[in-house]
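This briefing sets out selected features of the structure shown below. The points are grouped by topic for reference alongside the coordinates.

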Amino acid sequence: MKAKPLPIKVGVGAAALAVALTACGSSSSGGANANSSSGPTSSASTGATDASASTAASLRAGLDELFREHVDLTGFVVQTAVQKGISSANTTQALNTLDKNTQALAAAVGSVYGASAQQQFLKMWRAHIGFFVTYTKGLATKDQSMVATAQHQLAGYKAQFSKFLGTATDIPASAIANELQGHIQTLEAAIRAIVASSPSAASKLQMAAMHMDGTAQALAAGIDQQKNLAGNADGDAASLRAALTGLLLQHVAQTAAVVQTAVGTSLSSPQTKAALSALDDNTVGLGKAIGSLYGGSAQQQFLKMWRAHIGFFVTYTAGLAGHDQAMVRQAQGQLANYKRDFARFLGPATGLPAAAVSKDLQGHITTLEAAIKAIVAGNPDAAARLSMAESHMAGTAAVLASAITKQQHLS
């Protein structure tokens, strides 16, 4: 018997591009065209099977989204605590947003394994977040005994959670323990770097988030096999959707890390420059994904436009921080032009209507501007705004993966 689809949250970008799924044969004229001689030249077929939307593929992408967001929001909590204080309203609200992510993960577990498993998950997952908070406090106050206590607690959590999850999923507990150790080590490294104001903080946070891709894949594959879900969690279409989900979410997370760092230091500090470098690593990853589908020329066009739009967000941030409304308006005008040009580039390549792509890009711009404004202003709702911007990108990834899956006949 097939399991029901999990209640994984779907980003708002899906709604913005929903019309595109029934109009993949149309395209917008003019502007850059991502199709190259080595890439596809025909639009996606509306009759093709969408393997990227199967239950198994949706599970993998949904877990990837939630696990990455767990890391991103934990990093945001730590950075907020460093800048505002661990008992500040900002940190409290950031922790509340992180707990909403925890509840979404628990709901996914509960939908497969029942209410008892959901409650067990909630108890253990919340506890391990608390251990990371203790770890952060120990580092911030240079209390090595507190650090040691937190690490001991995390080791206990690893053993307990591995047994719980292994029993539920039929994945060997030792394999789960290895994944959890990677999560603990990479997130500890990111927390240490943030507390120490190290220029490596953004890259370490990105590494911790990337680790969760493997965790999501392993869990999705195990549940897929156990529950005989529709589709293939390890198939090309599922891998494409998961990869796009991870890269697009991380674009938002790393942009927020840049803004948080700039607020805490300055736009020209070594820490901010390093954060921008980590953000560009994400851009390069997205460019490679485009290039693998549509060729080197499309990859270079993508890199040029994507890097430019990041620069416009930096200008937007600088304008807000400097109370320079002319600079803010300049950045918004540049982003509007980018939206038009990038839609003309991506629409013909994927077979999606450029107007629908443009509408989705406006959602990205609007949600990320809101997050940036909240961070610069020191508003307690900054983490919630960041979560909304990340959620939007998960929807974008789903629709892009759908169009490309049909176009490339992926399974």
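The model is predicted, and local features are drawn from residues with pLDDT of at least 70. The protein chain contains 13 helices and zero strands, and 54% of its 411 residues are buried. Of the contacts between residues at least 6 apart in sequence, 76% join residues at least 24 apart.

**Helix H2 and helix H8**

- Helix H2 covers residues 55-84 and helix H8 covers residues 236-264; their axes come within 9 Å and cross at roughly 10 degrees.
- H2 is therefore roughly parallel to H8, since angles under 35 degrees count as such.
- The contact of H2 with H8 comprises eight nonpolar, 11 polar and six charged residues.
- Gln79 is a residue of helix H2, and Gln79 counts as buried because its relative accessible area is 13%, below the 20% limit.
- Beyond residues up to four places away in sequence, Gln79 touches Ile194, Gln260 and Thr261.

**Helix H5**

- Helix H5 runs over residues 144-169, and its 26 residues should span 38 Å at 1.5 Å a residue; the end C-alpha atoms are 36 Å apart, which agrees.
- The buried residues in H5 are Val147, Ala150, Leu154, Tyr157, Phe161, Ser162, Phe164, Leu165, Gly166, Ala168 and Thr169.
- These buried residues of H5 pack against helix H3 (89-113), helix H4 (115-140), H6 and H7.
- Residues three or four places apart in an α-helix point the same way, because there are 3.6 residues a turn.
- Asp170 follows H5 and has a positive phi, near 70 degrees.

- Helix H12, residues 354-377, has 24 residues and reaches 34 Å from its first C-alpha to its last, close to the 34 Å expected at 1.5 Å a residue.
- H12 is mostly covered, with 17 of its 24 residues buried.
- Gly378 follows H12, and the phi of Gly378 is positive, near 70 degrees.
- Pro353 is located in the loop between H11 and H12, and Pro353 counts as buried because its relative accessibility is 14%.

- Leu400 is in helix H13, and Leu400 is buried, with a relative accessible area of 12%.
- Leu400 and Leu346 are 54 residues apart along the chain, and their C-alpha atoms are separated by 9.6 Å.
- When residues up to four places away in sequence are not counted, Leu400 touches Leu244, Leu248, Leu346, Thr350 and Leu352.
- Thr405 also belongs to helix H13, which spans residues 382-408.
- Thr405 counts as buried because its relative accessibility is 0%.
- A polar atom of the Thr405 side chain lies 2.7 Å from the backbone oxygen of Ala401.

**Loop residues with positive phi**

- Most residues other than glycine have a negative phi.
- Ser197 is not a glycine, yet its phi is positive, at about 55 degrees.
- Ser197 is placed in the loop between helix H6 (173-195) and helix H7 (201-227).
- Ser197 counts as partly exposed because its relative accessibility is 39%.
- His323 likewise is not a glycine, and its phi is positive, at about 55 degrees.
- The position of His323 is in the loop between helix H10 (296-321) and helix H11 (325-350).
- His323 counts as exposed because its relative accessibility is 70%, above the 50% limit.

Note on methods: Residues are numbered from 1 along each chain as its sequence is written. This is a predicted model: local features need pLDDT of at least 70, side-chain atom pairs count only at pLDDT 80 or more; totals for chains, interfaces and linings use all residues. Side-chain values use heavy atoms; hydrogens and water are left out. Axes are lines fitted to C-alpha atoms, for helices over the stretch in contact, and angles run from 0 to 180 degrees between N-to-C directions. Helices (H or I, at least four residues) and strands (E, at least two) are DSSP runs, numbered from the N terminus. Angles under 35 degrees count as roughly parallel, over 145 as roughly antiparallel, 65 to 115 as roughly perpendicular and the rest as oblique. Ala, Val, Leu, Ile, Met, Phe, Trp, Tyr, Cys and Pro count as nonpolar, Asp, Glu, Lys and Arg as charged, and the others, Gly among them, as polar. The expected span of a helix is 1.5 Å times one less than its number of residues. Buried means under 20% relative accessible area, exposed over 50%, partly exposed in between (1.4 Å probe, protein chains only). A polar contact is a pair of N or O atoms within 3.5 Å; within protein, one must be able to donate a hydrogen and the other to accept it, and residues adjacent in sequence count only if both atoms are side-chain atoms. Contact means heavy atoms within 4.5 Å.
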